[in-house]
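Please read the following report alongside the sequence and the coordinates.

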Amino acid sequence: MATQVLCSSGNWQMKKLPIHSIVNKASRSRNLALKNKNKGALKWVTRAILGDFGARDPFPAELESEFGEKVVGNFGTDHKILIPSVAALSLADRPCDPNPSGVSHEEATALLRKVVGWRIVEGDGGPRLECLWKVKSFSAGMELFRRIAPVAEAAKHHPDLHLEGGNSVRAQLWTHSIGGLSINDFIAAAKIDRIKISDLIPRKRVWA
């Protein structure tokens, strides 16, 4: 048995407890402290090895040691760094094709899934890619024109822009040289999608 001193409402009391109860409590406290210590040590070691973002550049001493030549592996194994092809990039990151060809209906339908808010409509002489924005004012519509202009100029592919009713902007894209849709129309649409317009569109009214 072991003796434990208790204080209740200012009165000190002596209480006898089984020795194994005290030992178990001490053991649990020690194991918890050890577990937390090991967890902290593991986190420190991992950060030291991998860095905050999971990787780091080699230290000068490591480069001098030529540690890369001592890696265990199969001799003669080729290690290649694959550069993504243009086709693997998102539409907004791709340059327009200087000599575009038309896309089929199936290709246009697949490409349409990669742009937001656009649809294919029939225009004079062929299909066109169209998007309609509701803006909060006439001046907001003119500001959207100004934001689209440098994007289209950089892409070297220009949409037809229309301000309708004072609060709607309509953009239409098609490739004049082929009289229809090409990959360039979808690339330009994806680039226009990246333009920030949250300050130009009307806020949704929330009813309490």
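With which side chain does the side chain of Gln-172 make a polar contact? The partner is the side chain of Glu-130, at 2.7 Å, where a polar contact is a pair of N or O atoms within 3.5 Å, of which, within protein, one must be able to donate a hydrogen and the other to accept it, and residues adjacent in sequence count only if both atoms are side-chain atoms.

This is a predicted model, in which local features need pLDDT of at least 70 and side-chain atom pairs count only at pLDDT 80 or more, whereas totals for chains, interfaces and linings use all residues. Residues are numbered from 1 along each chain as its sequence is written, and side-chain values use heavy atoms, with hydrogens and water left out.

**Overall make-up**

The secondary structure comes to five helices and six strands, arranged along the sequence as β-β-α-α-α-β-β-α-β-β-α; helices (H or I, at least four residues) and strands (E, at least two) are DSSP runs, numbered from the N terminus. Of the 208 residues of the chain, 24% count as buried, a term that means under 20% relative accessible area, with exposed meaning over 50% and partly exposed lying in between (1.4 Å probe, protein chains only). The accessible surface of the chain is about 15,800 Å², and 58% of this surface belongs to carbon and sulfur atoms; such areas come from the Shrake-Rupley method with a 1.4 Å probe, and for residues only the protein chains shown count as cover. Among contacts (heavy atoms within 4.5 Å) between residues at least 6 apart in sequence, 57% join residues at least 24 apart.

**The strands around Gln-172**

Gln-172 has its place in strand β6 and counts as buried because its relative accessibility is 12%. Leaving out residues up to four places away in sequence, Gln-172 touches Val-121, Arg-128, Leu-129, Glu-130, Pro-159 and Asp-160. Six of the six residues of β6 are buried, so this strand is largely enclosed by the rest of the structure. Ser-168, Arg-170 and Gln-172 point one way from β6, while Val-169, Ala-171 and Leu-173 point the other way.

The pairings of the strands are set out below; two strands pair if DSSP finds at least two bridges between them.

| Strands | Sense | Bridges | Residues standing opposite |
|---|---|---|---|
| β3 and β4 | antiparallel | six bridges | Gly-123 and Gly-126 |
| β4 and β6 | antiparallel | six bridges | Lys-134 and Ser-168 |

The 18 residues of α4 should span 26 Å at 1.5 Å a residue, and the end C-alpha atoms of α4 are 26 Å apart, which agrees; the expected span is 1.5 Å times one less than the number of residues. The buried residues of α4 are Ala-140, Gly-141, Leu-144, Phe-145, Ile-148, Ala-152 and Ala-155, and what covers them includes β4, β5, β6 and α5. After α4 comes Lys-156, whose phi is positive, near 60°.

Nine of the eleven residues of α5 are buried, so this helix is largely enclosed by the rest of the structure. Among the buried residues of α5 are Ile-183, Phe-186 and Ile-192, and the buried residues of this helix pack against α3, β3, β4, α4 and β6.

Leu-144 touches Trp-133, Val-135, Val-169, Ile-197 and Leu-200, not counting residues up to four places away in sequence.

Val-103 lies in the loop between α2 and α3 and counts as partly exposed because its relative accessibility is 22%. The C-alpha atoms of Val-103 and Ser-182 are separated by 5.3 Å, although these residues are 79 residues apart along the chain. Beyond its neighbours within four places in sequence, Val-103 is in contact with Ala-108, Leu-111, Leu-181, Ser-182, Ile-183 and Phe-186.
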